[in-house]
Amino acid sequence: MREKKEVVPAPAGAATPVASTPWRGLRLGDFERVWIAVLAVLIGMVVGALFVLWSGKNPLVAYQALWQASFANWSSFGEMLVNVTPLIFTGLAIAFAFRAGLFNIGAEGQFIVGQIAAAWAGYAFTGLPAVLHVTLALLAGFLAGALWAAVPAYLKAKRGVHEVINTIMMNYIALYFTHFLVNGVLRGHPYLPVTKEILPTARLFRFLPNALIAESSRVNAGFLVALACALLVYYLMWKTTVGYEIRAVGLNPTAAEYRGISVAKNLILAMLVSGGLAGIGGAVQVLGIQYKFYDIFSFTNYGFDGIAVALIGNNHPAGVLGGALLFGFLARGGTAMQSIAEVPKEIINIIQAAIIIFVAADMMIRRLFRLKRKGVTDGALE
Amino acid sequence: MQMKGIGKVFPGVVANDGIDLEIIPGEIHTLLGENGAGKTTLMNVLYGLYQPDAGEIYLRGRRVAIGDPNVAIALGIGMVHQHFMLIPPFTVAENIVLGDEPRKGRVFIDMKKAIRDVEAISEKYGLKVDPLARVENISVSMQQRVEILKALHRGAEILILDEPTAVLIPQEVRELKMITDNLAAQGKAIIFITHKLKEVMAMSHRITVIRRGKVAGSVNPQETTPAALASMMVGREVLLQVEKGPASPGETLLSVENLEAVNNRKLPALRGISFELRAGEILGIAGVDGNGQSELVEVITGLRKANGGRLQIKGRDMTNKGPRQMAEAGVAHIPEDRQKRGLILDFNVAENLILGSYFKRPFARGINLRYDRVYSHARELIKEFDVRTPHEKTPAKSLSGGNQQKVILAREFDMSPEILVAAQPTRGLDVGAIEFVHHRLVEQRDKGKAILLVSLELDEILSLSDRIAVMYGGKIVGMVDAADADEEELGLMMAGGGQRDEGESAALRGATRNA
């Protein structure tokens, strides 16, 4: 279990860097947040190990299988990144909206419409150079996601309707609307509910295609797009006036309004960017992995897992990268654990759930941690 | 009653550090101290809300342990909190007997007996109330009486009054003095918590000053002066009177005519307000809370729409422009709620200091926010305004109230406004910070700014303003020169013109307050 260390990188410099002031209440410094994430992961692993033991198997064997699934060779590592990439996008999307005080449960739907828009742009435009075609298809994904987010954004900003309700409903509309499209106008196969395949010019570059070396993987330039988006989100949120406004609105709309920052404008903007990020995620999935849109019969779950990723990552791009890496790693390792160590895959769900609970309940973890360090004196603190 | 060596430590703060206090029956004993000095903590220890970490409490010579308020009540200790603990739709009698109701059988409340009881104690202590009136319909000073009666009904021998005069106009303060004198004459001990010097001198038999959790001294009012008390409270010499020369008003910068607006509940809050504000003067708006002052400030700063009337800045019509446009037209605003409106508490000090100017040079270049400029700008202002913060990157929520207010002042003055709207700029601040704010406001006036000062503290209005307007029921009911202002007269105007019994005016006041 020692090897889990590198799974959670440090979310560096969040909103307010330096200065927790010890004499005025406890403030969660960034360093402490990283600690909590690491502790949560370790506790999750221990809880998982207990369940493995309970099912009569050896946890060490199980965890070795889990590790091997992602780190045995370049191929497995690449495939892990394939799992990680969409989670980065949806995690970023949710984190971005959250900074404006919005809870975007609709990343799932935005991801789905991003997929179908990119698939369409991937085959409908012909004769374009690859760079342009890929950009265009990514843009199509972005726009579709943003459009999907625009409805709840408008309703929230202008009508005060809570975004959680509307984003959830938009997920279902995305599911059935794409179902309708891929069985209708966009159907590209005589009897399967799929679109036409995208043109080679719209494909994202694969780093480990079979032909070149023995180890192959579907990992592609989409991962780099994800990293670029994380950087962009960081820049936008913490280095520009746009991000300043969005964070101001998210933290205190009354104060933002008082100095002339439009709350409605920033809510809409944040939601559109959020939806766009999830939409690019969907586009990357099509352009890098699937090459066509397959009818989605039940949700992909990338959008929902993105909520947990953003939560673990404290709504910071660096944290989102860490969270996506962790979840991608666990998802990939789950299957391996089942086949090699004969441990039910559901154990992975338990581990994931335990981690989320402990991160969400950071108060609880802090309490536990303090108790260990200082004895029971602080019990009556809050 | 005796408290010996009371100590109470909160994480990081020593709230009480070996406090001794002795109260005798028939005495009105004042605890005087700044916000955060530890007076309320001490009283909460006495009332059983906190357990002391050190020290002992003796009642009539016997040592007692007060585990919770029920024990305190049983021991004859009653407390009237600053924020009343009454149930508005219940009648006066119902509120007074609440928790100790006379019963018929086991389950039924004997309302007739309750009313008789209330009338009896009301008679005995000379606290007139109407037992059948609903609390929501009576005035604040009446509600205070109900609170006192509630404590007496529970058999309180020691009565703690926490900042009882904060919500009262001068005339009502005098009524309260009569009540407390009467109670003391009947052998009750009264502990009176306050930070207002003037009342202390008038109302108490003995004064204990608390500074930083310790007793700074105990004196009789006859043997001391407000200035001496103030320096005891703060630990250094304090200027009680704001030093300011005569105003030299210039051109009219802001004028409003027949301004009308509604409050958050869509009820009329401003009913035709007109005044002019000139450069180089401080216009004070006095009034009891909830008479339209907040709405007036919001309309002037662009945060609330006016439904009627006109607002002009330097002759230009600016009615119903937004907050950004008003700020750009030269209106700075120190909001009454600094934590909700004035600051983004999770932003650091530097980020808060650019809340009004982040989109302008030198901070913004395109969409880029140049944090090096933001931080160097913050360092300058922190120095200039003496903001006590460990770092410009410290979150605003970690600062004390006074320093938070300094951040707001620094930001608003930095906009080089022509008009400054200051809404309750010293609320909740300690004496040192109040001095600072007052000094800066007068300094701005002398620089030729027009200042609109809204305050619930009549003393503050009297000491800072050049002219005073009194608001009542959404109207300006009087406008006087500060030089001719008379506290009595202002008090009457604040109460709605004259009549001070519990007739229509009180009901109206109750209604606007609840709004």
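**View 1. Four strands of chain B line up as an open sheet in the order 14-13-16-17, with antiparallel pairing.** This is a predicted model. Strand 14 (268-278) and strand 17 (316-317) of chain B sit at the edges; each has a single partner strand, so one side of each goes without a neighbour in the sheet.

View 2. Look for I313(B), which stands opposite R316(B) in strand 17 of chain B.

**View 3. Helix 9 (residues 293-300) of chain B packs on this sheet.** The helix touches strand 13 (252-262), strand 14 and strand 16 of chain B. Compare directions here: helix 9 of chain B makes about 60° with strand 14 of chain B.

**View 4. Chain B splits into domain 1 (2-234) and domain 2 (252-510).** Between the C-alpha centres of these two domains of chain B there are 33 Å.

**View 5. Stepping back, here is chain B as a whole, with 18 helices and 24 strands.** Along the principal axes, its C-alpha atoms fill a box of roughly 75 × 50 × 45 Å. As for the inside, buried residues make up 47% of the 515 in chain B. Of the contacts in chain B with a separation of 6 or more, 68% link residues 24 or more positions apart.

Definitions and conventions:
Residues are numbered from 1 along each chain as its sequence is written. Chains are lettered from A and ligands numbered from 1 in the order in which they are written. This is a predicted model: local features need pLDDT of at least 70, side-chain atom pairs count only at pLDDT 80 or more; totals for chains, interfaces and linings use all residues. Two strands pair if DSSP finds at least two bridges between them. Helices (H or I, at least four residues) and strands (E, at least two) are DSSP runs, numbered from the N terminus. Two residues are in contact if their C-beta atoms, placed from the backbone, lie within 7 Å. Axes are lines fitted to C-alpha atoms, for helices over the stretch in contact, and angles run from 0 to 180 degrees between N-to-C directions. Domain bounds come from an automatic or database domain assignment. A residue is buried if 20 or more other C-beta atoms lie within 10 Å of its own, exposed if 12 or fewer, and partly exposed in between; C-beta atoms are placed from the backbone.
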